[in-house]
Amino acid sequence: MTSRYPTIAPDLLALFSARGANPVDVAVLQPADPFLDMAGEDLRRRIFLTESETGASLCLRPEFTIPVCLDHIASQAGTPRRYSYLGEVFRQRREGGNEFFQAGIEDLGDRDAPAADARSIADAHALLALALPGVPLTVTLGDQSIFEAVMAALGLPRGWRMRLARAFGSADQLAAALADLANPPKNGALPEPVAVLVADGDLDGLAAHIAAGMTEAGLSPTAGRTPQDIARRLVEKAELRSVRLSSEAFEALKSFLAIHVQLDAAAAALEGFAGSAGLSLGSALANFSERVDAVAAQGLSPAAIRYDAAFGRPLDYYTGLVFEISAGSPSSGPSARPLAGGGRYDRLLTLLGARDRIPGVGFSVWLDRIEALRGEAA
């Protein structure tokens, strides 16, 4: 451990205690598979990997949400429960050190999602206001469930919904996916046996054909991607190329993604969009409106919170609310790098092995970025 313990740490621990978030200490060395399976591509490619003496894949913890959830499941603790943490994480980064401190709160098991979401935003905002007194802060908020409801209402097939959902949070990936949706790419013709199997959607037959070809070429079917994975991807690509969204639906999707308004105007903007596009967003819109009311009840200024329909965060486990907080006012534009980020992850604990569904929401803050700003303000 080489990182310097943050000078603001005692104040943060006091804030966590005042907000009823129990401190938790999780191991630095973590099983790698949960991160490889459930984190976003941006995080997966920055993880430091190693192996145990038995060959199990391990990694230095790259973030706290998954380890805290695994620890909660292992402890069989009841819910609702709020956990706080402050410790080092390890990632390969383009800027700054590869070993740095994060702090945050994970809120597990609260069935009142709008209230828990609003509390998470308020907790993150309070932490930054404590650490950076007098510095204006801007909250950018998105919603994965609203995006998915729009895609479903537009009639997009499952393959496209999955691709766009994976791209949500990356402007470049989303732009590329939308370009492909407007004009599906033409790939070179597949050999006749493969083309027939792909057209029929015969995954078993296609996987067997690929396995036979790999064996003939002297390649091990267990090395790298399996024949089943290759077959599934070929069929998925063919299905994606076969879909061309109508111009009306495509324009509606672009119109939705262009919504960027102050939070207290967001529900009306979404209702107006849905009405003009002839779409029903159902419970997703109702839940969004409840969250807006809950955020207002936390006393946060609506002028400092923006809703961006195209905003997401590059972690695959988010299911609803996503948010980031940056230094700067909306009028001047936020800083390039967020100081805090978080969101809702209602499926994560079940995927990690919890027997019952446990809703969750949380956030983390980058303490090295906060320390840098505190130094600049000194």
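I take buried to mean under 20% relative accessible area, exposed over 50%, and partly exposed in between (1.4 Å probe, protein chains only).

**Basis.** I am working with a predicted model, in which local features need pLDDT of at least 70, side-chain atom pairs count only at pLDDT 80 or more, and totals for chains, interfaces and linings use all residues. Residues are numbered from 1 along each chain as its sequence is written, and side-chain values use heavy atoms, with hydrogens and water left out.

**Salt bridges.** I looked up pairs in which a side-chain nitrogen of Lys or Arg lies within 4 Å of a carboxyl oxygen of Asp or Glu. I found 13 salt bridges in the structure. One of them joins D117 to R291, at 3.0 Å from N to O. This pair links distant parts of the chain, with D117 in helix α5 and R291 in helix α14 (residues 282–297), 174 residues apart. I noted that D117 and R291 are both buried.

I then looked up D123, whose side chain meets that of R82 in a salt bridge of 2.8 Å, N to O. D123 belongs to helix α5 (residues 113–131) and R82 to strand β5, so the pair ties together parts that are 41 residues apart in sequence. Both D123 and R82 are buried. R119 forms a salt bridge with D110, their closest N and O atoms being 2.9 Å apart. R119 counts as partly exposed because its relative accessibility is 22%. I recorded a network of salt bridges that links R19, R82, D107, D110, R119 and D123.

Helices (H or I, at least four residues) and strands (E, at least two) are DSSP runs, numbered from the N terminus. In α4, I found T65, I66, P67, V68, C69 and H72 buried. Their cover includes β2 (29–31), α2 (33–38), β5, β6 (99–108) and α15 (348–351), where contact means heavy atoms within 4.5 Å.

Most residues other than glycine have a negative phi, and most peptide bonds are trans. Just after α4, however, Q76 takes a positive phi of about 55°. Q76 counts as exposed because its relative accessibility is 65%. The peptide bond from T79 to P80 is cis, with omega near 0°. I located P80 in the loop between α4 (65–75) and β5 (81–90).

**A helix contact.** I lastly looked up where α12 meets α13: A252, S255 and F256 in α12 contact L270, F273 and A277 in α13.
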